[in-house]
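Please look over the sequence and the model before reading on.

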Amino acid sequence: MSADSSTDESAEATTESYGPDDGILVLDGLTKRFGGLTAVDDLSFAVEDGEILGFIGPNGAGKSTTFNCVMGTYPPTEGTVWYRGDDVTGESSHGMVKRGMARTFQSFRPLHDRTIVQNVALALVPDRIASLSGLRGETRRRAADICERVGLSDRLDQRPDELPHAGLLRLELGRALATDPDLLLVDEPFAGLSNREVAGISELLESLRDDGITMVVVDHNMRGLLSLIDRAVVIQFGSKIAEGRPEAIKRDPRVQEAYFGGETP
Ligand SMILES: Nc1ncnc2c1ncn2[C@@H]1O[C@H](COP(=O)(O)OP(=O)(O)O)[C@@H](O)[C@H]1O
Ligand SMILES: [Mg+2]
């Protein structure tokens, strides 16, 4: 209903509520408790089709847990998740992938005894692991195309441990792309990257958006995100504290308080 509420009225953010058609992905009142700890606390926001949304918050704010609840790693304690208008609350990871969502993980999980192209191929054909010893022509070609798409075409037959950190992220993105997603959740892509690598990865993410993939990009601060994202949702202690255009977010007093104790960045 009030998905278009402006940044400057973030005090209202806690009372707004969303419906199934407010975006490609909509969270309404999402809450996740681990015992006595509330990691995600009545969180509501919508992801618009075709946008790159920044999902920002200090370490421990609940960003990964939000992703885990959306992608079926954990069932939410309360709240609703809609994807393309369907109620997908508590849907399995496999189900979400089939619906067109994919994610990358904060910590990479490639198979170290497989090559780069095999790692992508496994994401392409997860049910046919046995056939990989002799990776068939068509499968290899598709996997190689994806490797090229993410900038790894000269690394096909290397092992993951031969890649620099930014290369592992490219591989992680390639594995996500192998499921042909409409919406990609990218968890902390810029952690551990140099400024140059941040620029290279940003360029890749922008080109994926140009191909029609909607994205939610997580970071613990605005570094590297400002020029990439269309909009940001900022959370602290599992709750939304601000939402809007990146320039406005940077000036938002609640965001400055959360990050800098009220000082201007
Ligand atoms: N599986 C879990 N069991 C218990 N507590 C968890 C679990 N996963 C995350 N948490 C806690 O939830 C809070 C939010 O964590 P997380 O979502 O990883 O934050 P972020 O990704 O924003 O850094 C933290 O206090 C973290 O310790
Ligand atoms: Mg995290």
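## Helix 3 against helix 5

The axes of helix 3 and helix 5 come within 7 Å and cross at roughly 30°. Axes here are lines fitted to C-alpha atoms, for helices over the stretch in contact, and angles run from 0 to 180 degrees between N-to-C directions. Helix 3 and helix 5 are therefore roughly parallel to each other. Angles under 35 degrees count as roughly parallel, over 145 as roughly antiparallel, 65 to 115 as roughly perpendicular and the rest as oblique. The crossing of helix 3 past helix 5 is right-handed. The term right-handed applies if the near helix is turned clockwise from the far one by less than a right angle, and left-handed if anticlockwise. Ile 116, Asn 119, Val 120 and Ala 123 of helix 3 make the contact with Leu 171, Gly 174 and Arg 175 of helix 5. Contact means heavy atoms within 4.5 Å.

## Basis of the model

This is a predicted model: local features need pLDDT of at least 70, side-chain atom pairs count only at pLDDT 80 or more, and totals for chains, interfaces and linings use all residues. Residues are numbered from 1 along each chain as its sequence is written, chains are lettered from A and ligands numbered from 1 in the order in which they are written, and side-chain values use heavy atoms, with hydrogens and water left out.

Helices (H or I, at least four residues) and strands (E, at least two) are DSSP runs, numbered from the N terminus.

Helix 5 covers residues 165–177. At 1.5 Å a residue, its 13 residues should span 18 Å, and its end C-alpha atoms are 18 Å apart, which agrees. The expected span is 1.5 Å times one less than the number of residues.

Buried means under 20% relative accessible area, exposed over 50%, partly exposed in between (1.4 Å probe, protein chains only). Among the buried residues are Arg 170 and Glu 172. Leu 168, Leu 169, Leu 171, Leu 173 and Leu 177 are also among them. The buried residues pack against strand 6 (101–104), helix 3 (116–124), helix 4 (137–149), strand 7 (183–186) and helix 6 (195–210).

## Helix 5 against helix 6

What is the angle between the axes of helix 5 and helix 6? They cross at roughly 15°, and come within 11 Å. Helix 5 and helix 6 are therefore roughly parallel to each other. Their crossing is right-handed. On the helix 5 side, Ala 166, Leu 169, Arg 170, Leu 173 and Leu 177 take part. They meet Glu 197, Gly 200, Ile 201, Leu 204, Leu 205 and Leu 208 in helix 6.

Helix 6 also lies across strand 3, strand 7 and strand 8, running at about 155° to strand 8.

Six strands form an open sheet in the order 6-7-8-3-9-10, with mixed pairing. Strand 6 and strand 10 (239–244) stand at the edges, each with a single partner strand, so one side of each is left without a neighbour in the sheet. The twist averages 15° from one strand to the next. Two strands pair if DSSP finds at least two bridges between them.

Strand 7 and strand 8 run parallel, joined by four bridges. Leu 183 has Thr 214 in strand 8 as its bridge partner. Strand 8 (residues 214–219) is also joined to strand 3, in parallel, by five bridges. Here Leu 53 stands opposite Val 216. Strand 3 pairs with strand 9 (residues 231–236) over four bridges, again in the parallel sense. Gly 54 faces Ala 232 in that pairing.

Is strand 3 enclosed or open? Five of its five residues (52–56) are buried, so strand 3 is largely enclosed by the rest of the structure. In a regular strand the side chains alternate between the two faces of the sheet. Ile 52, Gly 54 and Ile 56 are buried on one side, Leu 53 and Phe 55 on the other.

Asp 219 belongs to strand 8. Asp 219 is buried, with a relative accessible area of 3%. Leaving out residues up to four places away in sequence, Asp 219 touches Phe 55, Ile 56, Gly 57, Lys 63, Glu 188, Phe 190 and Leu 225.

An open sheet of four strands has the order 2-1-4-5, with antiparallel pairing. Strand 2 (37–47) and strand 5 (86–87) are the edge strands, each pairing on one side only. Strand 4 (residues 78–83) and strand 5 run antiparallel, joined by two bridges. Trp 82 stands opposite Asp 87 in strand 5.

Helix 1 (residues 63–70) lies across strand 1 (25–34), strand 2 and strand 4. Helix 1 runs at about 110° to strand 1.
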